Amino acid sequence: MNFASILDGKLLLTSEIPLSAPTITYLQRTQQLIPTDSITNKFHKKHCQRCGNRQQHQFAIIDCSRCHQSHWYCRHCVETGRVLACDPLWRWRGNKISWLFQANPCDWQGELTPTQQQAANTLTAAVITKQKEQMIWAVCGSGKSEMLFPAITYAIRERKRICLATPRADVVRELFPRLCQAFPHTEIEALYADSEDRTGTGQLVITTTHQLIRYQQAFDLMIIDEVDAFPFHHDPALPKLTTRACRADATTIYLTATPRRDHQQRIKRKQLPVVFVPIRFHLQPLPVPVLKLEWQLRQKLKQQHRSQQFEKFRHSRSKSRQLLIFVPTIALTQAIASQYQATAVHAEDPARKEKVEQFRQKQIDTLVTTTILERGVTFPSVDVVILDAGHEVFDEAALIQIAGRAGRSPDDPTGHVLFIHQGKTEAIEAAVKQINMMNKKGVAL
Ligand SMILES: [Zn+2]
């Protein structure tokens, strides 16, 4: 049996090793599996070596049924299996994993636009020269995944191991079949919280960032999709997990349409190389949001009075497109939906997937939603309205992402984007500025 294919690049609890107990004992005795402490406790500061958690309130004590003592365990990573202080983590020290040589791994027949090609060349060059980091700042709808194909092709040909990490499971599910089609002879695996096959042995692993908890020094090429998105942006443990999953000379590629301030500052200081893709794959500019001020908007929405600006817009627009309405709270999704005979959807909605699919199939004309639909969803022909765009849930990135839902299809590359607010916020101004900046860069190409 080829143990390296199962264990190389992994950091596993005993219960996660997919081998029989005698085999595990044999691998330990021959020092191919090396134990390390799972929870260290230096100067009374506990540190989970599995997920990187150092927040002391995230540790709790439990009575261990095996050694009949009380142990610390980490609550931060408990959803991916409980790690007790008496339970070691295992690293592989045996022979290295090796992948089959493929001269032409990529079967994709499509063609990149000149801008996409330029970005793809930059990425491939970064992988060839083992550059540490490279960012792609690409507008919503620029066709990001296809731009990655040449760099992935190079890495597979060089028998390197690749990880494509994304914050959300639905993106993993969407990318998996596309990559299987593009790279039909490569072992590809999709990992997310309830994914079926979980050996994690692929040469190309597509995963949610949380699943990287089981990897250490595994990947030569790490691609982090939507690096600015929740929860990656909010959980300091996640960037550490991706770093740990990389080999020492790995290249990390960040993809984003809306980089956060820290990345923007590193770009300005020329610490982070960036390549812009300021234009969509259909070569049309981004729809620029129209801003409409309405006095006492919040109060009106609260009292279930109609927004005058929205009424005006509703009556003036052509009905050929579907309508996507964003509101700041779950309560408002219901209220607005019942006012306009529309459908409401939000994060806790058990029928969320079905409703989004019905909207995609055009069985629903108007969908009222929260920021859960700000990213990753593509509808071919929609107008977009935000009611109360000045609300704090709509930060700069959210506003740009929401505006980016319109005009995605080459058959209908425009679309109205309307931000109704009761006072312009910094986020609104910054979002419009960034959209205009990208359009300007796009025209200059
Ligand atoms: Zn932990």
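Contact here means heavy atoms within 4.5 Å. The structure is a predicted model, in which local features need pLDDT of at least 70 and side-chain atom pairs count only at pLDDT 80 or more, while totals for chains, interfaces and linings use all residues. Residues are numbered from 1 along each chain as its sequence is written, and side-chain values use heavy atoms, with hydrogens and water left out.

Leaving aside neighbours within four places in sequence, Gln-216 is in contact with Gly-9, Lys-10, Leu-11, Arg-91, Arg-244 and Ala-245. Gln-216 sits in the loop between β11 (204–208) and β12 (219–224); helices (H or I, at least four residues) and strands (E, at least two) are DSSP runs, numbered from the N terminus. Between Gln-216 and Arg-50 there are 166 residues in sequence, yet their C-alpha atoms are 9.8 Å apart in space.

Beyond the neighbours within four places in sequence, the contacts of Gln-56 are His-44, Lys-45 and Lys-46. A polar atom of the Gln-56 side chain lies 2.9 Å from the backbone oxygen of Lys-46. This is given as a polar contact, a pair of N or O atoms within 3.5 Å; within protein, one must be able to donate a hydrogen and the other to accept it, and residues adjacent in sequence count only if both atoms are side-chain atoms. By contrast, Lys-130 is 74 residues from Gln-56 along the chain, and the two C-alpha atoms are separated by 37 Å.

Thr-256 lies in strand β13 (residues 246–256). Its relative accessibility is 1%, so Thr-256 counts as buried. The Thr-256 side chain reaches the backbone nitrogen of Thr-258 at 2.9 Å. Apart from neighbours within four places in sequence, Thr-256 is in contact with Met-135, Ile-136, Trp-137, Ala-138, Val-227 and Asp-228.

Attention now turns to the helices. Two packed helices are described by the angle between their axes and the distance between the axes. Axes are lines fitted to C-alpha atoms, for helices over the stretch in contact, and angles run from 0 to 180 degrees between N-to-C directions. Helix α3 (residues 114–128) and helix α4 (residues 144–157) pack at about 25°, with axes 7 Å apart. α3 is therefore roughly parallel to α4 (angles under 35 degrees count as roughly parallel, over 145 as roughly antiparallel, 65 to 115 as roughly perpendicular and the rest as oblique). The crossing of α3 past α4 is right-handed: a crossing is left-handed if the near helix is turned anticlockwise from the far one by less than a right angle, and right-handed if clockwise. On the α3 side the contact is made by Gln-116, Ala-119, Ala-120, Leu-123, Thr-124, Val-127 and Ile-128, and on the α4 side by Met-147, Leu-148, Pro-150, Ala-151 and Tyr-154. These comprise 10 nonpolar, 2 polar and no charged residues, where Ala, Val, Leu, Ile, Met, Phe, Trp, Tyr, Cys and Pro count as nonpolar, Asp, Glu, Lys and Arg as charged, and the others, Gly among them, as polar.

α4 also packs against helix α5 (residues 169–182), at an angle of about 45° and with axes 12 Å apart. α4 is thus oblique to α5, and their crossing is right-handed. Ser-145, Glu-146, Phe-149 and Ile-152 of α4 meet Leu-175, Arg-178, Leu-179 and Ala-182 of α5, a set that divides into 5 nonpolar, 1 polar and 2 charged residues.

Further along, helix α12 (residues 396–403) and helix α13 (residues 426–443) pack at about 50°, with axes 8 Å apart. This makes α12 oblique to α13, which α12 passes in a right-handed crossing. Within α12, Ala-398 counts as buried, at 2% relative accessibility. Ala-398 touches Glu-374 and Val-393, not counting residues up to four places away in sequence.

Finally, helix α10 (residues 330–339) has Leu-332, Thr-333, Ala-335, Ile-336, Ala-337 and Gln-339 buried. The cover over these buried residues includes α8 (297–302), β17 (343–345), β18 (366–369) and β19 (382–387). Just after α10, Gln-341 takes a positive phi of about 45°.

Notes:
Buried means under 20% relative accessible area, exposed over 50%, partly exposed in between (1.4 Å probe, protein chains only).
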